[in-house]
Amino acid sequence: MPTRLFEENIRDIAGRPGEMRERSRELAVPERLGEGLARVPAGETLALDVRLESVHEGILVSAEARTTVHAECGRCLKDFTTPFQVEFQELFAYTPTEADEYGVHGDHVDLEPPLRDAVVLALPFQPVCRPDCPGLDPESGELREAEAAAVPEAEIDPRWAALAGYQTGTAEAADEPGSGDDPESASK
Ligand SMILES: [Zn+2]
């Protein structure tokens with residue numbers, strides 16, 4: 001069911017270029033934003049500052065959203081949360097001329113699609129709980145000491161060096177040409 005949480009009423013400024021409204025509010029995110037290791041879960045509080053400017057072509061929306069990102073550290077796999085802020089500006093046209101242009105619908109504009117795009121684009125693709133997170137020891141699976149993580153790359157375990165020379169046999173694609181109707185017609 002489409003949400004109306006992100007709709008802004010523009011009735012009192014539509015068709016009146018130069019008019020402007022500023023609104024702020026908080027809402028609970030109705031549906032998770034983001035599909036990766038970092039996301040804004042449903043129910044998280046989102047603060048929204050919106051400026052609506054009536055221009056000749058439509059309504060120019062400038063918005064800033066502040067919320068909390070929940071993420072899993074890409075190095076140590078620990079869950080953590082971090083403050084998150086994103087801004088966007090979009091023109092909602094009275095008569096959209098391109099497929100990707102947002103439009104005014106009746107007496108409102110729906111900020112949900114551009115907000116979702118802005119949040120998803122800004123979410124970290126590979127979140128880390130802290131910039132110097134040492135990550136997990138590849139052998140023990142335990143969180144590494146910071147010093148251990150600082151081992152220079154030249155000091156590679158000789159066992160890994162041996163593995164580097166190991167190549168899996170070239171998998172020759174077993175092509176079965178002309179597997180026709182009769183599987184037994186393998187004669188020349
Ligand atoms: Zn971490």
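Modeller: Two residues are in contact if their C-beta atoms, placed from the backbone, lie within 7 Å. The model is predicted: local features need pLDDT of at least 70, side-chain atom pairs count only at pLDDT 80 or more, and totals for chains, interfaces and linings use all residues. Residues are numbered from 1 along each chain as its sequence is written.

Colleague: In what order do the elements of the chain run from the N terminus?

Modeller: Helices (H or I, at least four residues) and strands (E, at least two) are DSSP runs, numbered from the N terminus. The chain holds three helices and eight strands. Starting at the N terminus, their order is β-β-β-β-β-β-β-β-α-α-α.

Colleague: What percentage of the 188 residues counts as buried?

Modeller: A residue is buried if 20 or more other C-beta atoms lie within 10 Å of its own, exposed if 12 or fewer, and partly exposed in between. Of the 188 residues in the chain, the buried fraction is 15%.

Colleague: What arc do the buried residues of helix α1 cover around the axis?

Modeller: In α1, residues 112-122, the buried positions are L115, A118 and V119. These lie on the same side of α1 because the arc that they cover around the axis, taken from the directions to the C-beta atoms, is only 95°.

Colleague: Which elements do the buried residues of α1 pack against?

Modeller: On the other side of α1, P113 and L121 are exposed. The buried residues of α1 pack against two elements, namely β5 (58-72) and β6 (79-93).

Colleague: How many bridges pair β4 and β5?

Modeller: Two strands pair if DSSP finds at least two bridges between them. β4 is joined to β2 (residues 20-28) by nine antiparallel bridges, with M20 opposite E53. β4 also forms a hairpin with β5, with three residues between them, and R51 stands opposite S62 in β5. This second pairing is antiparallel too, and its bridges number eight.

Colleague: Is E64 buried, partly exposed or exposed?

Modeller: E64 lies in strand β5. Leaving aside neighbours within four places in sequence, E64 is in contact with D49, Q85 and E87. With 16 other C-beta atoms within 10 Å, E64 is therefore partly exposed.

Colleague: How far apart in space are E64 and S24, C-alpha to C-alpha?

Modeller: In sequence, E64 and S24 are separated by 40 residues. Their C-alpha distance in space is 9.5 Å.

Colleague: What is the value of phi near which L77 lies?

Modeller: L77 sits in the loop between β5 and β6, and it counts as partly exposed, with 13 C-beta neighbours inside 10 Å. Most residues other than glycine have a negative phi. L77 is not glycine, yet its phi is positive, near 70°.
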